[in-house]
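Thank you all for making time this morning.

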Amino acid sequence: MSTFGTLFRVTTFGESHCAGVGCIVDGVPPLMALTEADIQPQLSRRRPGQSALTTKRDEKDLVRIMSGTEHGVTLGTPIGLTVPNEDMRPGDYGSMSDIPRPSHADYTYQYKYGTKTSSGGGRASARETIGRVAAGAIAEKFLRLRYGVEIVAWVSSIGDIEMKEDVVDTITRERVDSHPTRCPDAAVADQMTALVQECRNAEDSVGGVVSCVIRNSPVGLGEPCFDKLQATLAHAMMSIPATKGFEIGSGFRGTTQRGSAHNDMFVRKGDRLGTVTNNSGGVQGGISNGEPIVLRVAFKPPATIGKEQATVTYDGTSAVLAAKGRHDPCVVPRAIPIVEAMAALALAE
Ligand SMILES: C=C(O[C@@H]1CC(C(=O)O)=C[C@@H](OP(=O)(O)O)[C@H]1O)C(=O)O
């Protein structure tokens, strides 16, 4: 199935090399102003070919609203969104037809369905995330208009190069976009660029971490047991292709602290209680507490690399694969609007 959410629900469709990709969004309230101009900026931040650090597949990714609005206003009916696929090169996949790419979805898709797309990443391609980003832009507009919610994600590490500055309270999308890596610390970002280019030149790839803050979340989102807010956020984030880890608040690093150091002391903040520190990451007991929701998502190095790899064919015969095609040497710069979209979809849900 390709659906996330129940009350605010998105179903994405499309493969990397078919006519187009998109989504159906259900649960958007009626009478909200909505045109393509609300959705396009996030799709343009996600699109391939936008900088020297990304895949060279050149897609404009222009979105069209097919249904669910009239005269620029939502009707409360399902919103259909489509984006055409235009710059496909199926020929790149000929040499890979017998050999599943190590750590890619090729083998598990073939095993599960008994078939798979003959070219492109199919549903496992980053092109699937277009539907998420488009739906997320709608969710984000709803959350912003109704509650003043702000969501900003940024690249906090690539490989072993990590940004140390705490930007949770101040970070803006403008600052994130000031460098093609989308790491807001310019000096660290330059080192990251050099690392990504080194990997690209070596026909290799590298992973990274995306951090995200959700500000002005209403207090009280999340259900007490199985649908804790951090569980819905983890589900949302870990459904993004190439993710390998999720943390909220102090995350794994918090395990090294004593409770006395880790606890977030309460103070009065206007008409609610707030906390002095935010090791909880804005969620306590699975329910938002009004502090910024802070999370991190780990992305592995992309599986498709040009470097030769000793592996086997689908029938188990030894083979050497040097993958062809246009692929990202590191996905995190383009993952920023995807993480923001999934944060918005999780909150709207
Ligand atoms: C085109 C995009 O990313 C693609 C992600 C991807 C993959 O295998 O994941 C492979 C490449 O495309 P293709 O399927 O043509 O080989 C990338 O360029 C995109 O995100 O829009």
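Let me begin with strands β8 and β9, residues 161–162 in the case of β9, which run antiparallel and are joined by two bridges; please keep in mind throughout that this is a predicted model. Within that pairing, Ile-158 has Ile-161 of β9 as its bridge partner, and in the hairpin that the two strands form, where two residues lie between them, Gly-159 adopts a positive phi near 55 degrees.

β8 has another partner, strand β10, which covers residues 208–215, and here the pairing is again in the antiparallel sense, over eight bridges, with Ala-153 standing opposite Cys-212 of β10.

Turning now to the helices, α6, residues 229–238, packs with α8, residues 332–348, at an angle of about 145 degrees, their axes being 9 Å apart, and the crossing is right-handed. On the α6 side the contact is made by Thr-232, Leu-233, Ala-236 and Met-237, while α8 contributes Val-339, Met-342, Ala-343, Leu-345 and Ala-346. Sorted by class, that contact comprises eight nonpolar residues, one polar residue and no charged ones.

Finally, the ligand: which residues come nearest to it? Of the 15 residues around the ligand, they are Ser-16, Thr-55, Gly-120, Gly-121 and Ala-126, and the shell as a whole consists of three nonpolar, eight polar and four charged residues.

Key: Residues numbered from 1 in each chain as written. Predicted model: local features only at pLDDT ≥ 70, side-chain atom pairs only at ≥ 80, totals over all residues. Pairing = 2+ DSSP bridges. Helix = DSSP H or I, 4+ residues; strand = E, 2+ residues; numbered from the N terminus. Near = placed C-beta within 6 Å. Nonpolar A, V, L, I, M, F, W, Y, C, P; charged D, E, K, R; others polar. Axes fitted to C-alpha atoms, helices over the stretch in contact; angles between N-to-C directions. Left-handed = near helix turned anticlockwise from the far one by under 90°. Contact = placed C-beta atoms within 7 Å.
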